[in-house]
Amino acid sequence: ITVANAGQIGSVGDADSIAIASNGVVTFSQRPLGSGGRELLLNSTISSAVSVFDINNTYINATYDIYELICMFHPATDGARLENFFFATTDTNASGAIVSGNEHAHANAGFDGATYQTANTADHSDIGAFTIGNAGGEGIAFHMTLYNANNTDMTMVTSGTGSSYATNGAHTGFGFSGGMASPQTHLAHFCRGIRFAFDSGNIALGTVQVFGVR
């Protein structure tokens, strides 16, 4: 290990592997390698309305098998439901396409009493068990884990928990899961992205973080 100049540490021929600023902030110019850990791949803010938000194969690809997402979405339309769609492909290097037809599935449960929502054949997976309000301060926030992005022993599936506000301003909590409706059909498919959209109206604003998990 060599110290190239003040505030920088690197190996011979790579003087800027680590930079330490005067305020103590450490910056890695090369991705740290090793077992375990999470890497922030995407940190995005939605500041103007969009019909869909896609996380494409720039972020979900052959690098990791597990991805974690931390998201917040505010609907433009009152009483909307949040949906997600999988991008899939049998070519590990391809960008994939939204799985068409009724090939998605989901199972969700509300923590606020016996509220359940399931579908074994749908063209999307729902996130949460409730409709979502669009007044100031309302919306939906959740932590989602995507499993088996590159594992052909089991198809791509998701699970997570979250909070949302109903159209009357009441807080709700929920658990959710999603996957493929025909696992044998999609066993050889790789996940190469996720699309988020409300079933009615635009995404007015939001934040999305994506982490790769080693």
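**Exercise 1. In this predicted model, list the residues that S164 touches beyond four places in sequence, then describe its setting.**

Solution. 
- Step 1: Leave out residues up to four places away; S164 then touches F130, I132, G139, I140, A170, H171, T172 and F174.
- Step 2: Pick out T172 from that list. The side chains of S164 and T172 are joined by a polar contact of 2.5 Å.
- Step 3: Place S164 in the fold. S164 lies in strand β14, residues 157–165.
- Step 4: Decide whether S164 is buried or exposed. Its relative accessible area is 2%. The cut-off for buried is under 20%, so S164 is buried.

**Exercise 2. Find the strands that pair with β16, and explain why β16 is largely enclosed.**

Solution. 
- Step 1: Start with β6, residues 53–55. Three bridges join β6 to β16, and the two run antiparallel.
- Step 2: Turn to β8, residues 80–89. β8 and β16 are also antiparallel, with eight bridges.
- Step 3: Look at F196 in β16. F53 has F196 as its bridge partner. N84 also has F196 as its bridge partner.
- Step 4: Check burial. β16 spans residues 190–198, and eight of its nine residues are buried, so the rest of the structure largely encloses this strand.

**Exercise 3. Name the residues that touch the most other members of the largest nonpolar core, and trace the contacts of one of them, F73.**

Solution. 
- Step 1: The core has 35 residues; F73, F142 and F196 touch the most other members.
- Step 2: Set aside neighbours within four places of F73. Its contacts then include F142 and F196.

Conventions. Residues numbered from 1 in each chain as written. Predicted model: local features only at pLDDT ≥ 70, side-chain atom pairs only at ≥ 80, totals over all residues. Heavy atoms only, no water. Helix = DSSP H or I, 4+ residues; strand = E, 2+ residues; numbered from the N terminus. Buried < 20%, exposed > 50% of the residue type's maximum accessible area, 1.4 Å probe, protein only. Polar contact = N/O pair within 3.5 Å; in protein donor to acceptor, adjacent residues only side chain to side chain. Contact = heavy atoms within 4.5 Å. Pairing = 2+ DSSP bridges. Core = buried A, V, L, I, M, F, W, Y, C linked by side-chain atoms within 4.5 Å.
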